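Subject: Structure for you to look at

Hello,

Here is the structure I promised you. Please open it and keep it on screen while you read on.

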Amino acid sequence: MDWWIWTLIGFFFLTLEFVSTTMHSAFFAAGAFLVAILVALHFGGPLWAQILTFTLFSLILRPIVVQKLKLSQTKVVDTMIGERAVALEDIAVAGLGKAEMRGSTWNARNVGAIPLVRGQHAVVEKVEGLVLHLRAS
């Protein structure tokens, strides 16, 4: 197959990657571009060798890049556990109320053994949805 056909295949996979943004088809684009370069330099060999080179390079490259860029690791973006909040109203034990943290008003549940009074500082024990579970500090 001619080098320009492999180049078109590479651009097809590259376009597909830009549309999908999933980091899957970019590796096939890299494989197609590699084969295009090899064919242009007359190192491509027969069609079966070109297809084998394309497939192997594309499939071997992905795990290496994923490992190097740490794309398979789940990252904790932010945690609020252990931070301090201020009760905006009295909150009874196991009761719901409002608290302020990081400049925003949150729903808050008092999970401590003593009631929270307005203006009292509390520590975030857990976050469940949009509710902070607070304990007096």
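Below is what I found, going from the whole chain down to one residue.

Keep in mind that this is a predicted model.

Start with the layout. The protein chain has 3 helices and 5 strands. Read from the N terminus, the order is α-α-α-β-β-β-β-β.

Next, the overall dimensions. The C-alpha trace spans about 80 × 20 × 20 Å along its principal axes. The radius of gyration of the protein chain is 28 Å. A compact globule of 137 residues would come out near 14 Å.

Now the packing and the surface. Of the 137 residues, 28% count as buried. Take the contacts with a separation of 6 or more: residues 24 or more positions apart account for 43% of them. The chain exposes about 9000 Å², and 68% of that comes from carbon and sulfur atoms.

Charges come next. There are 11 positive and 9 negative charges in the protein chain. Their mean positions lie 5 Å apart.

Finally, zoom in on His133. You will find it in strand β5, which covers residues 131-136. Is His133 buried or exposed? His133 has a relative accessible area of 10%. The cut-off for buried is under 20%, so His133 is buried. Which residues does His133 touch, leaving out those up to four places away in sequence? They are Arg109, Val111, Val123, Val124, Glu125, Lys126 and Glu128.

Best wishes

Technical notes: Residues numbered from 1 in each chain as written. Predicted model: local features only at pLDDT ≥ 70, side-chain atom pairs only at ≥ 80, totals over all residues. Heavy atoms only, no water. Helix = DSSP H or I, 4+ residues; strand = E, 2+ residues; numbered from the N terminus. Rg over C-alpha atoms; globule rule 2.2 N^0.38 Å. Buried < 20%, exposed > 50% of the residue type's maximum accessible area, 1.4 Å probe, protein only. Contact = heavy atoms within 4.5 Å. Areas by Shrake-Rupley, 256 points an atom, 1.4 Å probe, with all protein chains shown as cover. Lys, Arg positive; Asp, Glu negative; His and termini not counted. Charge placed at Lys NZ, Arg CZ, Asp CG, Glu CD.
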